[in-house]
Amino acid sequence: MRISVRVNGVDCEADCWEGESLLFALREKLGFPGSKNACEQGECGSCSVLLDGELVCACLVLAAQADGHEVVTVEGLAEDGRLHRVQQAFVEAGAVQCGFCTPGLVVATADLLRRSPDPSDDEIREALSGNLCRCTGYAKIFDAVRLAAAE
Amino acid sequence: MSVTRPETKPKPLERGRVGERVQRVDGVPKAKGEFAYSSDLVAPGMLWGHTLRSPHAHARVAAIDLSEALTMPGVHAVLTHADVPGEKLYGLEFPDQPVLAIDRVRYFGEPVALVAAQHPEQARRAAERIRVEYEPLEAVTDMERATEMPPLHDESPTRGHGYFEDSRPNVVRHIVIRHGDPDTQGDVTVGGFYEVGIQDQAFLGPESGLAVPDGEGGVDIYVATQWLHVDRQQVAPCLGLALNQVRIHLAGVGGAFGGREDLSIQIHGAMLALHTSRPVKMVYNREESFTGHVHRHPARIWCEHRATREGKIVNVRMRILLDGGAYASSSTAVCSNAASFACGPYNVPNALIESTVVYSNNPPCGAMRGFGAVQTCFAAEAQMDRLARELDIDPVELRLLNAIAPGDVLPTGQTITGSLPVAAVIKQAAALKPPEPEEFPRDPLRLPGGAGNTTRGEGIRRGVGFALGYKNICYSEGFDDYAAARVKLFDDGSAEVHCAAAEVGQGVTNVILQVARTELGTDDVVIAPHTTATVDSAGSASASRMTWMASGAVRDACRAALEERLRRPVGEIDVERIYRHPRTSPLDPETGQTTGDRSHVAFACCAMRVVTEVDVDLGLTRVVWIGAAQDVGKAMNPQQVEGQIEGGTAQGLGLALMEEIQTRDGLITNASFTDYLIPTALDMPPVESVLIEDPEPDAPYGAKGVGEPPTVVSTAAILSALRDATGLELNRVPVRPDELVGLEGPAQPRVHSTPE
């Protein structure tokens, strides 16, 4: 089937097999490999994107369900060539190691700060508990969220 | 010796020199989603590869019928062992593993056949139509019985390599370390049995890569790996190609932790690419990743510690049993490491350490962060706490009393000649002040059980624990490898560095750039892609060796390039240099004593203080706080050093509380992130880290690797705190709620009740 999705402000079309996830379509058909495929079961958050402004795991959404909708991925956060403040904070705080979880965490953090501009430590931990990171032990990720919130 | 407390964290520089706090060079592309990982690669005309794996832990392969699979839509190739063009067996250290199963499968998930198709789903569906006729065989699943079962390998692949000659079936390696008089008695004796489950590296980026035929019979493989050149050494013979016909290029690596030392898609992808003359991409899903790589060895450990009334250890006797699974991988080295570091960083005048690793039909085990030292640190530190209780001595005091120091002799007979500030890490960790107990009521997120809202404070007990551990830096026992670096200087004053050191997330790329910028005195330095095509081997990103080895190679190449520049003021300079660490010697196969000055290059230690809370009614836990003091030699980049300590601690927390590959008759039953839990943002406490810089005299800039010591220690430290909270023995990790509420007693050996 053919789907039309607005990704990061650009209208895109792709031929998809009915069983394909939005994640697969984004990565393999639409040219947005930034969202990552770490578990494809909705457990790790590496594929977090905004679907019509709502934080979702792109692996749990069928490509067909996104037909006619709007998606923002990690590639769509930077504006005018400038890093989004969350991206900048992740780099500065040392929150990136292997970086495979980073795109999902950056999107989830941007979503958190939009909803709650000055989150408490507990709020940060709860909001990001669906995003697994295997490298950092999360400490510098929390630093990054606080840094971005303070911007 | 300098000590850096946690509060000193200035803003990082964009570009920096050795010892400065520098932000990651790959941080921006990674944060923007532009960094190309091995699973992100595409090529025109690309096909997707898929691996059919064994559903049995042990079976004879009677027949394989491909006819139906070959007719499935989109399929371009279906290959079996008969299609392996060269050597049929490969292995990291011993070639005992079939590229594709020949007549027998020895573990659940062993590769049997390959499919290439236009769409990954077509490849998966075609693989389902491959008819494999298996005749199940009895599986060896209890490590204690492995040496009494029929051999899993007709020839013993690891025999004749200078190890202790052990004729029992299924012994991968048996090592005995005899030190002093192992019959020495003490005033007090404490014994114990300890058990460690199978931990998984669970790196987030699944195994993946792209193989591209070069049109002349050779192949380029873009893959996430830890050691490009050793991959090539294994891949080329199996493809029947010369080394220079295989080029391995590092694609973005989504974490490694030892799990990418062994091959994954390299030979399989290349076979499919060469067979179809098309680029072939392979990406494991999470389930396949869990079955498709080696794990941390599960262990059973019997200990006896003897000491004087004053608390001086006089004798340590340990028997260590490790389950290596179906193939050798790096088991022989893990076995030896477990033995070498069994006593912990203590002065032990007499010891008898026996370590055995066996073949079985359980999931294959190999390298994981900590590499044998994790298992024995857990056991040895529990013993130290027991000894402290028996002697009524403060556990920190007991450790200080026995702390080893430069000039002292290890159980392997090696005298410590470099830096090893054990007393300093103990004192610094003990001096870190844990937070005061928090009053009830409080937010459930800060209680065991968390958002499950299972208590308001009833049944919560607080415990404080302490542990100490150490391990080696660089490879050991005469496996003296090297690292190469190549430096080009251009007329405009800029420079380019080539080094095949694998950037696996640990930040070695930054280290390389910081060293080059320091040595060349300019910020105008770039790093070239990591590949076998332009530079010699850098060795493995393993054994906490990469910072040390890459620093040495890059430093030497930069200095040589500057000398050449003095001779030749104009024109491009291009030099390559090889760096080697001090030589090591094998351990004597009969006594386990070093046969030269040293069997290990150097050591690094770490101590941790931990606060936990346990809901003793429900068996739920919360780690409240961790304070760590680590011997880092020289912090090349303090921000990344802290990151290694925090991340390494988290993996040890996982092993302490939740991470275990579960098996039933050798079959993995929890191959997903739904069922194999790793620590989340809600599980991790704050980690305060103190960096202790006591430069290693043999290391470039004095720097030691920093990734492993925190993983070695944190499991032991958390268990110490849980025992303090509950008063229970807790001799098995990961700890289960059943044990914490007393529904299940301490783990027991299956066969052997006492050390032999």
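Predicted model: local features only at pLDDT ≥ 70, side-chain atom pairs only at ≥ 80, totals over all residues.
## The four-stranded sheet of chain B

Strands of chain B form an open sheet of 4 strands in the order S22-S21-S20-S23, and the pairing within this sheet is mixed. Strand S22 (525-527) and strand S23 (573-580) of chain B each have a single partner strand and stand at the edges, so one side of each is left without a neighbour in the sheet. Direction ignored, neighbouring strands of this sheet are turned against each other by 20 degrees on average.

Strand S21 (residues 495-498) of chain B and S22(B) run parallel and are joined by 3 bridges, and Ala495(B) has Val525(B) as its bridge partner in S22(B). Two helices of chain B accompany these strands. Helix H11 (residues 508-520) of chain B lies across strand S20 (482-489), S21 and S22 of chain B, and runs at about 150 degrees to S22(B). Helix H12 (residues 546-567) of chain B, which packs on the sheet, touches S20, S21 and S23 of chain B, and its direction makes about 145 degrees with that of S23(B).

The loop between S23 and strand S24 (602-615) of chain B holds Pro586(B).

With neighbours within four places in sequence left aside, Pro586(B) is in contact with Gly162(B), Glu477(B), Gly478(B), Thr595(B) and Ser599(B).

## The six-stranded sheet of chain B

Another open sheet of chain B consists of 6 strands in the order S10-S18-S17-S16-S11-S29, with mixed pairing. At its edges stand strand S10 (171-179) and strand S29 (732-733) of chain B, each with a single partner strand, so one side of each is left without a neighbour in the sheet.

Strand S16 (residues 299-307) and strand S17 (residues 313-325) of chain B run antiparallel and are joined by 9 bridges; in S17(B), Leu321(B) is the bridge partner of Arg300(B). Helix H7 (residues 331-340) of chain B lies across S10, S17 and strand S18 (351-359) of chain B, running at about 25 degrees to S10(B).

## The contact between chains A and B

Chain A contributes 44 residues to the contact and chain B contributes 51 residues. On the side of chain A that touches chain B, helix H2 (85-93), helix H3 (102-115), helix H4 (121-127) and helix H5 (139-150) of chain A each supply at least two residues, and H2(A) gives the most, with 4 residues. The residues of this side of chain A divide into 21 nonpolar, 14 polar and 9 charged.

How values were computed. Residues numbered from 1 in each chain as written. Chains lettered and ligands numbered in written order. Pairing = 2+ DSSP bridges. Axes fitted to C-alpha atoms, helices over the stretch in contact; angles between N-to-C directions. Contact = placed C-beta atoms within 7 Å. Nonpolar A, V, L, I, M, F, W, Y, C, P; charged D, E, K, R; others polar.
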